[in-house]
Amino acid sequence: MQGINVTAKVWERLLAVKAGRSCTCCGDWSADERSALALYGPLARRDLGPLSVAQIGQSLDGRIATVTGDARDVSGPDGLAHLHRMRALVDGVVIGVRTALHDTPRLTVRMCDGADPARIVIDPRGRLPNDAPVLQDNGARRIVVQAVGMARPKGVEVIRIDATDGSLPPARIIEALNAAGLRTLMIEGGGITIARFLEAGLLAHLHVAIAPLLIGGGPQGLTLPSPSETLAHAIRPDCCVYSLGSDVVFDCALTARALEARAPVHGAA
Ligand SMILES: NC(=O)c1ccc[n+]([C@@H]2O[C@H](COP(=O)([O-])OP(=O)(O)OC[C@H]3O[C@@H](n4cnc5c(N)ncnc54)[C@H](OP(=O)(O)O)[C@@H]3O)[C@@H](O)[C@H]2O)c1
């Protein structure tokens, strides 16, 4: 496991990389600063083309909330700082409507320097009320991806995608967001939303941030619509593990090789 040290110099460099003014390879860095650049560099780079990643914060027993729905905050302080850094480096943050309704998250950057990302809610049936906090104007773009013709407040962009069996094809969502100028995306939850992008093979990385607490019950992090029936068909990502301080993050690279074993399940679906 590698430690990370996000010094002011590291963070300035990452923001410069995001702005296309610098690279992550050159410079004189300590080992922990280099680890931080390795962890966040892919999110900051814009020269690699469109990129989608997901992050989920969970307990040691794989829960993302309690049985009563208390989800704030499963992650410890360093896990939260990690999430805010990811927000600051991407163009847009995507959540499912259940998270928007339940957590009323702001999706802003508050624990580090950096611009707020565009906020995107996937709301196929138009369940999100127009006065939801996530749609309020704070200067960042606000987008609803929906299958219905529901009108949204001035300034809120609507991407309309037809549902297939109640689901909006994840690839079409990403294509539409990329076409809207949002090339680097973080799927922030919840588990249902992340699972759909993961199963469609659209995520380059999945960050699983684990906080040292046992909740004992409540919603689980990820449940795939088509789970592996045998361990031979499990997804085995290439993982780098980093100590954030209070929490540990598994940076899982979902390469074609890692997803290869899933092919028979996809083929059957
Ligand atoms: N610990 C963490 O990192 C974290 C982060 C975020 C949220 N959470 C917790 O997660 C829970 C909510 O997560 P969740 O998994 O239940 O729900 P969710 O992922 O927030 O939202 C799922 C809903 O979004 C819509 N949706 C998403 N992708 C879709 C697609 N491709 N096509 C059609 N509809 C799509 C559907 O809406 P319809 O239901 O209208 O069909 C779906 O039921 C809350 O307890 C929240 O606190 C934890």
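The side chain of Arg 98 places an N or O atom 3.2 Å from an oxygen atom of the ligand. Asp 103 also reaches the ligand: a polar side-chain atom lies 2.7 Å from a ligand oxygen. For Arg 125, the distance from a polar side-chain atom to an oxygen atom of the ligand is 3.1 Å. The protein covers 89% of the 930 Å² of accessible area that the ligand has on its own. A polar contact is a pair of N or O atoms within 3.5 Å; within protein, one must be able to donate a hydrogen and the other to accept it, and residues adjacent in sequence count only if both atoms are side-chain atoms. Accessible areas come from the Shrake-Rupley method with a 1.4 Å probe; for residues, only the protein chains shown count as cover.

This is a predicted model: local features need pLDDT of at least 70, side-chain atom pairs count only at pLDDT 80 or more, and totals for chains, interfaces and linings use all residues. Residues are numbered from 1 along each chain as its sequence is written, and side-chain values use heavy atoms, with hydrogens and water left out.

## The shell around the ligand

The shell holds 26 residues, and Gly 57, Thr 99, Asp 103, Leu 168 and Thr 193 come nearest. By type, the shell divides into 10 nonpolar, 10 polar and 6 charged residues. Nonpolar means Ala, Val, Leu, Ile, Met, Phe, Trp, Tyr, Cys and Pro; charged means Asp, Glu, Lys and Arg; the others, Gly among them, are polar.

Strand 2 (51-59), helix 4 (97-103), strand 7 (184-189) and helix 6 (191-199) each give at least two residues to the shell. Helix 4 supplies the largest share, 5 residues. Helices (H or I, at least four residues) and strands (E, at least two) are DSSP runs, numbered from the N terminus.

Helix 6 is largely enclosed by the rest of the structure, because 7 of its 9 residues are buried. Buried means under 20% relative accessible area, exposed over 50%, and partly exposed in between (1.4 Å probe, protein chains only). Among the buried residues of helix 6 are Thr 193, Phe 197 and Glu 199. Gly 201 follows the helix, with a positive phi near 70 degrees.

Met 186 sits in strand 7 and is buried, at 0% relative accessible area. Its contacts (heavy atoms within 4.5 Å) include Val 53, Gln 55, Leu 83 and Val 94, leaving aside residues up to four places away in sequence. In the loop between strand 7 and helix 6 lies Gly 190. The Gly 189 to Gly 190 peptide bond is cis, with omega near -10 degrees.

Ser 52 belongs to strand 2 and is buried, at 7% relative accessibility. Ser 52 touches Ile 174, Leu 185 and His 205, among others, not counting residues up to four places away in sequence. Asp 73 is in the loop between strand 2 and helix 3 (77-89).

Thr 104 is not a glycine, yet has a positive phi of about 40 degrees. Leu 107, also not a glycine, has a positive phi of about 60 degrees. Thr 104 is partly exposed at 36%, whereas Leu 107 is buried at 1%.

Terms used. Near = heavy atom within 4 Å.
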